Amino acid sequence: MSKTVEQFVDAIIASGTYQPLDRIYVTNRVLGLVGDEEAVEAKSDDLLDVVDALLATAVKNGKIEDGQSDRDILEAELTDLLTPTPAKVNQEFWNEYQKSPEDATNFFYNLSRKNDYIKTRSIAKNIVFDAPTDYGDLEITINLSKPEKDPKAIAAARTQKSNTYPLSQLAIENEGYRGRLGYPARTNHRIIRLTLGGEPWGFQYSPYAYFSEHAIFLLQEHRPMVINQHTFGNLLEIVRLFPHYFVGSNADLPIVGGSMLAQDHYQGGRHDFPMMKAPLDRKIKLAGFDDVDAGIVKWPMSTIRLSGDTPESLINAATAIANNWQHYDDESVDVRSYTDGERHHTVTPIAYRRGSKFVLDIVLRDNQTSDKYPDGIFHPHQDVQHIKKENIGLIEVMGRAILPARLKTEMQEVKHYVLGEPNEMKDYHKAWADQLKAANKFTADNADGIIDHSIGEVFARVLQDAGVFKRDEKGQAAFDRFIAQIK
């Protein structure tokens with residue numbers, strides 16, 4: 001037996017998923033996956049380097065094609081050997097929960113990292129920096145972690161039969177799914193089962209996390225996203241169960257919603273977002289909700305913060321806000337709840353704890369389009385789309401930009417341009433780059449800092465575009481009119 005296979009079998013036995021008596025059985029399982037010819041030697045004793053060597057061995061032995069899709073599927077099959085069964089993972093999670101909620105999530109998070117379900121090496125490639133703005137330090141990320149589509153897989157998929165199982169990448173049936181061309185491998189995937197609002201839900205981590213302990217809560221039933229009283233109750237129940245986590249929901253309409261509206265789900269984790277740190281601009285009174293502390297947040301998107309000791313009171317107040325907003329019109333600021341029978345209003349809710357108090361931030365959303373703004377009146381406008389044109393979902397609402405990978409190389413070309421060096425800068429950056437040149441004296445030492453700072457300012461503008469009541473006198477007066485009629 002090769003050293004590489006032996007190293008991996010040692011790790012499997014040490015993980016506790018199999019016992020020492022199982023060594024021969026486990027060895028043959030590994031050899032069956034990678035081939036029993038001489039293995040490629042690992043670069044180090046690091047577990048992921050050992051797995052990489054086993055993947056190279058499988059290619060060498062003709063067990064898989066040398067393509068990303070085949071490698072991902074085999075990697076998940078190998079690391080599944082390190083992973084307890086779903087029943088054992090759930091048993092251990094809830095045993096740890098008896099010690100504390102934090103012990104439970106630490107167990108599950110560490111397991112999901114160790115078995116490479118959470119792609120730690122890929123996530124480490126992301127570019128992350130803070131950018132000071134009038135709304136505090138916004139968090140800027142250029143997302144480089146998600147793999148590009150494999151050309152071989154794209155070509156092969158043309159002849160692949162249509163497959164509708166699992167129904168989506170958020171379906172609970174992904175647990176243990178082998179994967180296929182064009183669909184991710186999930187053999188090593190585990191989901192914690194829990195009950196919310198009397199219904200079965202699952203809790204998992206995101207493989208390509210956008211922030212610390214990026215969690216996903218998904219309804220077991222296949223049902224489209226909806227924001228209503230039930231949603232607010234579920235979010236507050238999650239932060240009761242896991243007081244060290246926040247949780248929120250994308251809006252349930254296109255343009256202002258997330259990318260997966262067909263499956264009801266929430267996102268949460270252990271992260272304090274800029275919006276959560278933002279102070280109140282002013283306190284407000286909500287008629288009939290005297291036991292709820294409420295205020296308008298100093299934030300570019302129109303956000304009402306509710307806090308109190310009693311979740312039921314927050315649920316009722318949030319429901320009143322959402323129900324009123326769904327039918328609210330104010331033509332003076334382009335706010336229209338319906339046009340031609342199409343609904344435009346919904347909310348993005350976020351729940352978290354501050355000591356013993358429960359907090360629920362309600363962000364007002366409007367997905368209208370117009371001739372002037374065909375992508376959305378309250379969507380990044382065209383002059384900032386060179387940096388960000390995609391939907392402004394939950395994570396970005398809270399002040400963490402998820403910017404496209406193209407910006408890594410494009411910003412280097414912008415840097416060359418502003419320094420007067422030969423460049424291949426995209427035309428759509430020119431107006432912005434010319435403004436930067438006019439406002440700054442660039443040197444090789446300061447160029448990156450100025451560009452990063454400006455990206456932060458652009459992202460702040462993106463959030464301002466998405467705000468329904470602008471942060472000027474007219475907009476805030478309109479916001480107050482909306483608050484006054486809630487009941």
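The model is predicted, so local features need pLDDT of at least 70 and side-chain atom pairs count only at pLDDT 80 or more, while totals for chains, interfaces and linings use all residues. Residues are numbered from 1 along each chain as its sequence is written, and side-chain values use heavy atoms, with hydrogens and water left out.

Let us begin with the whole chain. Along the principal axes, the C-alpha atoms fill a box of roughly 75 × 60 × 45 Å. The radius of gyration of the chain is 25 Å, which agrees with the value near 23 Å that a compact globule of 487 residues would have. That radius is taken over C-alpha atoms, and the globule rule is 2.2 Å times the number of residues to the power 0.38.

Next, consider what is covered and what is open. Of the 487 residues, 54% count as buried, where buried means under 20% relative accessible area, exposed means over 50%, and partly exposed lies in between (1.4 Å probe, protein chains only). The chain exposes about 22,000 Å², and carbon and sulfur atoms supply 49% of this area. Accessible areas come from the Shrake-Rupley method with a 1.4 Å probe, and for residues only the protein chains shown count as cover. As for contacts, meaning heavy atoms within 4.5 Å, take those between residues at least 6 apart in sequence: 62% of them join residues at least 24 apart.

Now for the empty spaces inside. Rolling a probe the size of a water molecule over the atoms shows where empty space is left. A cavity is a set of points, on a 1 Å grid over the protein atoms alone, where a 1.4 Å probe fits but cannot get out, and its lining residues have an atom within 4 Å of a point. Grid points are joined across faces, edges and corners, and a volume is the space filled by probe spheres set on the points. By this rule there are two cavities of 30 Å³ or more.

The largest cavity holds about 40 Å³ of space. Its lining is made of Phe 108, Leu 111, Ser 112, Asn 115, Tyr 117, Asn 188, His 189 and Arg 190. These divide into three nonpolar, four polar and one charged. Here Ala, Val, Leu, Ile, Met, Phe, Trp, Tyr, Cys and Pro count as nonpolar, Asp, Glu, Lys and Arg as charged, and the others, Gly among them, as polar. The second largest cavity holds about 30 Å³. Around it you will find Lys 372, Tyr 373, Pro 374, Asp 375, Gly 376, Pro 380, His 381, Gln 382 and Gln 385, a lining of three nonpolar, four polar and two charged residues.

Some spots in the backbone also deserve a look. Most residues other than glycine have a negative phi, and most peptide bonds are trans. The peptide bond from Tyr 165 to Pro 166, however, is cis, with omega near -15°; Pro 166 is in the loop between α8 (151-157) and β3 (192-196). Asp 116 is not a glycine, yet has a positive phi of about 65°. You can find Asp 116 in the loop between α6 (101-114) and α7 (120-123), and it counts as buried because its relative accessibility is 3%. Glu 213 likewise has a positive phi, near 55°, and sits in the loop between β4 (199-205) and β5 (215-219). With a relative accessible area of 7%, Glu 213 is buried.

From there, move to Ala 215 in strand β5, which is buried with a relative accessible area of 0%. Beyond its neighbours within four places in sequence, Ala 215 touches several residues, among them Phe 203, Tyr 245 and Gly 268. Tyr 266 is 51 residues away in sequence from Ala 215, but the two are 8.4 Å apart in space, C-alpha to C-alpha.

Our last stop is Gln 485, in the segment after α16 (473-484). Gln 485 is partly exposed because its relative accessible area is 27%. Setting aside neighbours within four places in sequence, Gln 485 is in contact with Asn 324 and Tyr 328. Between Gln 485 and Asn 324 there are 161 residues of separation in sequence and 8.2 Å in space, C-alpha to C-alpha.

Definitions and conventions. 1 Å grid on protein atoms, 1.4 Å probe; cavity = no way out; pocket = protein on both sides within 12 Å on 5 of 7 lines; lining within 4 Å. Helix = DSSP H or I, 4+ residues; strand = E, 2+ residues; numbered from the N terminus.
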